[in-house]
Each structure stands twice: as structure tokens, then as C-alpha cells.
Amino acid sequence: MYQKETGEFIMGVDHGYSTIKTVDTIMKNGVKKCSSKPAMDENTLFWQGKYFKVGEGNMDFAESKVDDDRMYINTLAAIGRAAKKYQCSRMNVILGTGLPFARHGEEKETFRRYFLRNRIDEFEYEGWRVNVNIKAVYVFKQGYAAAYGKLRGKDADCYLVDIGSRTLDCVHIRKGMALESDSFTQQDGLRYVYQKIKGAVYSKTGKSIPDARIDDYISGVRGGMTPEYEDIIQEQLQEYADHVEALLREHNIEFDFHRIVYVGGGASIMEEYAQHKYGNVECWLDVRENARGYERALIDYSEKGML
């Protein structure tokens, strides 16, 4: 959100393990350093004397998102996109981001300092020069952030299940508040089902299926594969949906009595393959919901004079 009267940008950025999401955009999180200036400006970022291709392919999975410069470079790219959209060369940014519920308390300050490390920085995105001042960073809880402003006041009790690339976050929200003792995070995100699909394909055919083909199938872009491979993917997606529902039951969440809301990249899988798809269960398919939640919270803070 651009506040023209103050010259400030309030930005929510969801730093996923496969994509970077803002309210306005979704881009792949791959970052590749170039040995020289690329032939095309598209998806090119120039920072600290080096050229990088961004938004193409996926980062390798790592234990931490902040062990190197890649997530920072992705954030500059997201800021650069906003700068080009609003034709701004100088930006004062208040950044909202997030961490999985279970890791929020332990890693929040490290995450905040990572994005504040330079404060004032200069870069070029697709040839557009930007001087940015990251004034403040707020680190929210993933999943809970997606529900911010959407569930308050109208829903007394809800389990919000955020299925991301790496983690599955289940947050119990009651009367607008997250109940930490009744929430959990598990390493059962989309990476889990991708590994199952790749293993099943190799076991049955001896072939290695690219992640991009799995991406396409899950996102609804069908075709380009023989029915044999589609059958394997469907079988594994069904097993994954059953696995997610079993996880919820293990935590005493009953579909007959509790409202379940699926968000994140895995919501589309649950919509198509879950056994329980009606009644108390719904799927929010826009993967930008967390980024929207971060931004909604920051706008509320601003209106209350808390920023």
C-alpha cells in the first residue's frame, strides 16, 4: 500500500520456500548471480555491483531462510516491482513478513534484523533505480496473519491450516485470538508430497519428473504428460490429502464439530482431494492471503498511530 501523503510504502511480503508473494504479485524465489550484465532487463536485479536473475526457478531448500543473501535479494525485487508500478525512485518501506507459528518466538528477532541489516540500500530492478529506506520490520505469525481481518468478529472458533512449501501450520483461532497451546507446526508441507510423487514416479517408471511438471499439475495446468504419470500424481495427491486429514484428527480436530480453513499452496490440493470438502471445511485458494494479512495488520497499526 502506497501512502502518498507520507511517502511511505506499507508492504506485506510472504517469503515462501518456493515463491515470494505480495498483495500484487507472485514470483518464483530463485536467485542466480550472473557473471556479466544479462542481455535482457526482465527479472534482473543489480545490487552491490553484481547482477542477479530473480523470479526464475526455485531456491534450494535450506534449514534457515536467512543464512545468505537470497531472501534479502528477493525482498529487494519485490520492492523494485512496487517502485516501478508507482514510478518511485525513493521509497520508505515498512515491511511486514512472517514465520511459521512454532518458530515465531524463537526466530522473530533474527528474521527482523536480517531485513534491517542495511536500512538504506540502493539497487536497480529491471533497469529502474531505487533508493530504499527500510524503516521498520514487523514479523507476524503465518496462517494467523492470513485470517487477520477476515475472521475477527464473525467466527467464534476456527482451525486455520496453512499448507506451505515446507511446513503445515495449524492455528486454532477463537474469538479472533490465536491459541498457542492448541496450535502446531509440522514438516508436512508441499515438499513432503513432491518427494512422494518423485519417489513414486521413479519407482514405477525409472524416470525423474521435474518439479515444474508437478507445479503445473497442482495449479491446474494439465497436459504434456502421458496418463501414466498423471495417474501416479493423482494417487499421491489423494494420499497426501488423506495424510493431512489424519494429522488433524491426531490433534483431536473433528470435521463434524470444528470449522477448518485451508490456505497456502496446498489449499488447492485439499479442495480437489480431501474427503471432507463441505460443511465446516473451506479453502482459500489465493496464495497471497498471508501477505494480505501482514499488510492489513500494518495498515491497522498505522491508523492507530502504532507504527
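The model is predicted, so local features need pLDDT of at least 70 and side-chain atom pairs count only at pLDDT 80 or more, while totals for chains, interfaces and linings use all residues. Residues are numbered from 1 along each chain as its sequence is written, and side-chain values use heavy atoms, with hydrogens and water left out.

Helix 4 covers residues 190-205, and its end C-alpha atoms are 22 Å apart, which agrees with the 22 Å that its 16 residues should span at 1.5 Å a residue. The expected span is 1.5 Å times one less than the number of residues.

L190, V193, Y194, I197, A200 and V201 are the buried residues of helix 4. They cover an arc of only 130° around the axis, which puts them on the same side of helix 4; the arc is that of the directions from the helix axis to the C-beta atoms. An α-helix has 3.6 residues a turn, so residues three or four places apart point the same way. Y202 and S203, on the other side of helix 4, are exposed. Buried means under 20% relative accessible area, exposed over 50%, and partly exposed in between, with a 1.4 Å probe and protein chains only.

The buried residues of helix 4 pack against strand 11 (157-163), helix 5 (211-218), helix 6 (227-250) and helix 7 (267-273), where contact means heavy atoms within 4.5 Å.

## The largest pocket

The largest pocket has a volume of about 930 Å³. A pocket is an open set of points on a 1 Å grid over the protein atoms alone, where a 1.4 Å probe fits, with protein on both sides within 12 Å along at least five of seven lines; lining residues have an atom within 4 Å of a point. The volume is the space filled by probe spheres set on the points.

Of the 43 lining residues of the largest pocket, S18, T19, S165, L190 and G265 lie nearest its centre. Helix 4 gives the most to this lining, with five residues. Elements that each supply at least two residues include strand 5 (26-34), strand 11 and helix 8 (289-303).

## The second largest pocket

The second largest pocket has a volume of about 240 Å³. Among its 14 lining residues, H104, V139, F140, K141 and Y301 are the closest to its centre. Strand 10 provides the largest share of the lining of the second largest pocket, five residues.

Key. Helix = DSSP H or I, 4+ residues; strand = E, 2+ residues; numbered from the N terminus.
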